[in-house]
Amino acid sequence: ANSLDDLEKRIGNITVAYTREKKAIFAKDLKAQGPMTVLLKDAIRPNVTQTLENNPAIIHGGPFANIAHGCNSVIATKAGLKLADYVVTEAGFGADLGAEKFFNIKCRNANLNPAAAVLVCTVRALKTHGARGSCSLKTLKDGCSNLVRHIQNIKSFGVPVIVAINRFTIDTDVEIGLVEEISKANGVEAIECTHWEEGGKGAVELARKVASVSDSKASSFAPIYANTSSIWDKIKTIATRLYRAN
């Protein structure tokens, strides 16, 4: 929603039940959209917080792409864009779900043009994708097929990708090097980060790279299906192009 009026309209279009003839009953049919909007009149305003390093952060909606669109609100993102030179926002649950909904739904509806995408990974997670319980380099290499698929998915939207390797103390240089090598082989630069341990200091190189890619205007962003397509065609496009269903 972009405003209270827009919110009320959207709430009114929520399907709440069906008649015995299978006809949809909307919230507006029950005259419920007004009272529901009143309950949310303060919730529509983003919360401005700050990090431990005193950087502004807007909290408004969460990255739960399994139950929603996996993004923060349009209002929060647009507020950030008016206040800062660079705005970083999260799209949750992986590039095949959170990013897909961010690109296809949020960006389209809000007229947003993302300049770059940061794909965060860890050696531990990639090993898990390779084979549970094993810690070999082969396991890591096998698991990187998941990383490669995410890179391909993001690129399909025309958005440049930077891989951020969230390094833990147990990770070895050889392991980090392997993830960097595989990323490079797929046309993407991987940046080693230690922000979990050092805060902003551990992500300075990543920030510079993201800013550089964003400033280069290399993005040619476009959703992967037309808004006028049928529901079936939209689902089929996502299933075949992102999940590789046949």
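**Core packing and strand pairing**

In this predicted model, Val179 is in contact with Cys121, Val123, Leu126, Leu140, Cys144, Leu147 and Ile165, when its neighbours within four places in sequence are set aside.

**Nonpolar cores**

- The largest nonpolar core holds 36 residues, and the members that touch the most other members are Phe103, Leu119, Leu147, Ile154, Val163 and Val179.
- Two or more residues of this core come from each of α4 (98-110), β5 (117-121), α5 (123-130), α6 (137-155), β6 (161-166) and α7 (173-185), and α6 gives the most, with six residues.
- Another core of seven residues lies apart from this one, and its members include Ala164, Cys193, Leu206 and Val210.

**Strands β5 and β6**

- β5 pairs with β6 in the parallel sense, over five bridges, and Val118 has Ile162 as its bridge partner in β6.

**Hairpin of β1 and β2**

- Strand β1 (residues 15-18) and strand β2 (residues 24-26) run antiparallel and are joined by three bridges, with Ala17 standing opposite Ile25 in β2.
- The two strands, β1 and β2, form a hairpin that has five residues between them, and in its turn Lys22 has a positive phi of about 70 degrees.

Conventions. Residues numbered from 1 in each chain as written. Predicted model: local features only at pLDDT ≥ 70, side-chain atom pairs only at ≥ 80, totals over all residues. Heavy atoms only, no water. Core = buried A, V, L, I, M, F, W, Y, C linked by side-chain atoms within 4.5 Å. Buried < 20%, exposed > 50% of the residue type's maximum accessible area, 1.4 Å probe, protein only. Helix = DSSP H or I, 4+ residues; strand = E, 2+ residues; numbered from the N terminus. Contact = heavy atoms within 4.5 Å. Pairing = 2+ DSSP bridges.
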